[in-house]
Amino acid sequence: MNAVTWIVIWGATAMIAAAAAGLLAGHKNRDYSFWISWCFVFPPLLVILLLLPRYDGKRPRRPSLDEEDKHFY
């Protein structure tokens with residue numbers, strides 16, 4: 001196999017891992033944008049997400065840029 005084949009395999013794996021991480025993070029009540037992005041960069045992190053327990057209650061939310069600026073200035 002040449003380098004192009006390996007790049008295509010890695011890209012397909014990254015996209016599949018990111019999609020699976022989004023679904024799994026939503027099911028486990030986690031911040032799905034964080035897990036989608038990191039599982040796209042490093043697909044084996046999906047295993048760690050599988051091992052994490054499910055959050056009870058409301059899903060954690062990152063503050064918006066306006067909320068962050070409000071406390072900064």
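1. Confidence first: within this chain, helix α4 (residues 65-72) has the lowest mean pLDDT of the elements, at 76, while α1 has the highest, at 95. This is a predicted model, and its chain averages a pLDDT of 89, with 97% of the residues at 70 or more.

2. K28 deserves a look. K28 sits in the loop between α1 (3-27) and α2. The residue is buried but makes no salt bridge, and D56, the nearest side chain of opposite charge, is 11 Å away.

3. What does the side chain of K28 have beside a polar atom? The backbone oxygen of L50 lies 2.9 Å from that atom. Leaving aside residues up to four places away in sequence, K28 touches L49, L50, L51, L52, R54 and Y55.

4. On aromatics, searching the whole structure gives one aromatic pair. F34 and W35 form this pair, edge-to-face, with 5.4 Å from centre to centre and 90° between the planes. Buried or partly exposed, where do the two partners stand? W35 counts as buried because its relative accessibility is 10%, under the 20% limit, whereas F34, at a relative accessible area of 32%, is partly exposed.

5. Finally, S37 is placed in helix α2 (residues 32-41). With 36% relative accessibility, S37 counts as partly exposed. S37 and M15 are 22 residues apart in sequence, and their C-alpha atoms are 10.0 Å apart in space.

Terms used:
Residues numbered from 1 in each chain as written. Predicted model: local features only at pLDDT ≥ 70, side-chain atom pairs only at ≥ 80, totals over all residues. Heavy atoms only, no water. Helix = DSSP H or I, 4+ residues; strand = E, 2+ residues; numbered from the N terminus. Buried < 20%, exposed > 50% of the residue type's maximum accessible area, 1.4 Å probe, protein only. Lys, Arg positive; Asp, Glu negative; His and termini not counted. Salt bridge = Lys/Arg side-chain N within 4 Å of Asp/Glu carboxyl O. Polar contact = N/O pair within 3.5 Å; in protein donor to acceptor, adjacent residues only side chain to side chain. Contact = heavy atoms within 4.5 Å. pLDDT = per-residue confidence, 0-100. Phe/Tyr/Trp six-rings, centres within 6.5 Å; stacked < 30°, edge-to-face > 60°.
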